[in-house]
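Welcome! Take a moment to look over the sequence and the fold, and then we can walk through a few features together.

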Amino acid sequence: MVHLKHLEWPFFEPRHRQLATELDAWCAEHLQAAHSHDVDAECIGLVKALGVAGWLSHAVAGKALGGSAEVIDTRAICILRETLARYNGLADFAFAMQGLGSGAISLAGTDAQRQRYLPAVAKGDALAAFALSEPDAGSDVAALQCSAVADGDSYVLNGEKTWISNGGIADFYVVFARTGEAPGSRGISAFIVDAGLPGFEIAERIQVIAPHPLARLRFNNCRVAKSQMIGAPGEGFKVAMRTLDVFRTSVAAAALGFARRALQEGLQQAKSRQMFGGTLAELPLTQAKLAKMACTVDSSALLVYRAAWQRDQGQVVTREAAMAKLMATEGAQRVIDAAVQLFGGRGVQSGEMVESLYREIRALRIYEGASEVQQLIIGRDLLK
C-alpha cells in the first residue's frame with residue numbers, strides 16, 4: 001500500500017513493518033471515521049477493543065506485565081499513533097492516554113505499583129490519566145501549585161488540575177503535586193490517585209472542538225497512601241519529563257497520521273472533482289498544492305522516525321523530539337488546511353473527513369509542549 005512505503009526506510013526493523021501492516025488491516029476492519037454522540041462510552045469501548053486486539057501491549061513496559069517488550073519501543077508507539085490517527089482521531093487518543101497515563105509507572109513505579117496497574121492498562125481493563133497541567137501551570141510545569149503534605153502514612157492533596165485527558169472516565173490518575181523538598185521543579189512528587197478516593201472530585205467536564213474526554217480535577221484534603229508515590233519525594237518533575245520524553249515523538253506521529261489522511265483525501269478529491277472541463281487535478285495550482293502537501297508529509301515523517309530510532313538506540317533526543325513535534329504538528333495544520341481548500345464548501349461541512357481533521361489537529365500544536373516551547377527547547381539546545 002502506498003502509505004506504507006516509508007516503512008522501507010532504514011529506521012525500521014521487520015517487526016515494525018509487520019506491526020504496521022497488521023494494524024492497518026485491523027483499523028480498516030474495526031474503526032469508523034465518524035464519532036458517536038457519547039464520546040465517553042466510545043473512548044471506553046476503544047480502549048477495550050485496543051486491549052483485546054493486543055495493541056495496548058506496546059503502551060506499557062515489561063513482558064510479565066502484559067507489555068510487548070521490556071522497554072517501550074518508541075518506533076512501535078509512533079507507528080501505532082500514526083496509523084490510528086489516520087483512521088480515527090479518538091482511537092489515537094485512547095491509545096496515547098493509556099501509554100502517557102501509565103508511562104510514569106512503567107518508568108519509575110515500584111514492583112507493586114507495576115503489578116497492580118500495568119496489566120490492566122495493557123488489557124484495556126483500566127483507563128489511565130496523566131494529571132500535570134493546572135490553571136496557571138501548563139508549559140511552565142515548575143509553577144504548579146497543587147500541594148501534597150505528608151501526614152502519617154499518607155499524603156494529603158489539595159488543589160486543582162485542568163485539561164486532563166480521560167478526566168471523568170479514568171480509573172486512576174498519575175498526579176504531580178508540590179511536596180516542597182526544594183523550590184521550583186525540585187519540590188514536586190508524583191502519586192497514583194485512584195478514582196473515587198474521598199476528597200477527589202471531577203470539578204468540571206471540558207468541551208473542546210474535537211470531542212475528547214477532558215476535565216478539571218479538584219483535590220480537597222484527598223488522602224493518598226505514601227505507597228502510591230512514584231519514585232522518591234521531590235523527583236516528580238524528573239518522572240514527568242522522562243514520561244513526556246517517551247511520548248512527545250508520538251504526538252508528532254499522530255500529527256503525521258492526520259496529515260497523511262488529509263493528503264489521501266485531497267488526492268481523491270482532486271482526481272474526482274470535475275472543474276473547467278476537466279478535473280481539479282489537471283490544474284497546475286492544484287498540482288503545486290499537492291506537491292507541497294506531499295513534501296511536508298515526508299519531511300515530517302523523516303523527523304519523526306529519526307527521533308524515534310535515535311531514542312530506541314538509547315540516545316538523548318531532546319532536540320530531535322522537539323524538532324519532530326514542532327514540524328509535524330505545524331506541518332499537519334498546513335496540509336489539512338490545504339485539503340479543506342481542495343474540497344471547497346464541502347471542506348467545512350460537518351461530518352466531512354477533512355473538517356474532522358481540521359478540528360483534530362489544532363490541539364496537537366499545544367499539548368505536551370506548545371510549538372513555542374519546542375522552539376525554545378531547540379534554540380537552547382543549539383546554544384549549549
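How many aromatic pairs does the structure hold? There are nine aromatic pairs, where rings of Phe, Tyr and Trp (its six-membered ring) pair if their centres lie within 6.5 Å, and planes under 30 degrees apart count as stacked, over 60 as edge-to-face and the rest as tilted. One of them joins Phe 12 and Tyr 305 edge-to-face, with 4.8 Å from centre to centre and 65 degrees between the planes. This pair links distant parts of the chain, 293 residues apart: Phe 12 sits in the segment before α1 (14–30), and Tyr 305 in helix α7 (residues 284–312).

A word on the source: this is a predicted model, in which local features need pLDDT of at least 70 and side-chain atom pairs count only at pLDDT 80 or more, while totals for chains, interfaces and linings use all residues. Residues are numbered from 1 along each chain as its sequence is written, and side-chain values use heavy atoms, with hydrogens and water left out.

Next, the helices (H or I, at least four residues, taken as DSSP runs and numbered from the N terminus, as are strands, E, at least two). Helix α3 (residues 74–87) packs against helix α6 (residues 236–272) at about 35 degrees, with the axes 7 Å apart; axes are lines fitted to C-alpha atoms over the stretch in contact, and angles run from 0 to 180 degrees between N-to-C directions.

A pocket is an open set of points on a 1 Å grid over the protein atoms alone, with protein on both sides within 12 Å along at least five of seven lines; a cavity is a set where a 1.4 Å probe fits but cannot get out, and lining residues have an atom within 4 Å of a point.

| Space | Volume | Lining |
|---|---|---|
| Largest pocket | about 1400 Å³ | 47 residues |
| Second largest cavity | about 50 Å³ | ten residues |

Ile 366, Tyr 367, Glu 368, Gly 369 and Ala 370 lie nearest the centre of the largest pocket. The largest share of the lining of the second largest cavity, four residues, comes from α3.

Definitions and conventions: Grid points are joined across faces, edges and corners, and a volume is the space filled by probe spheres set on the points.
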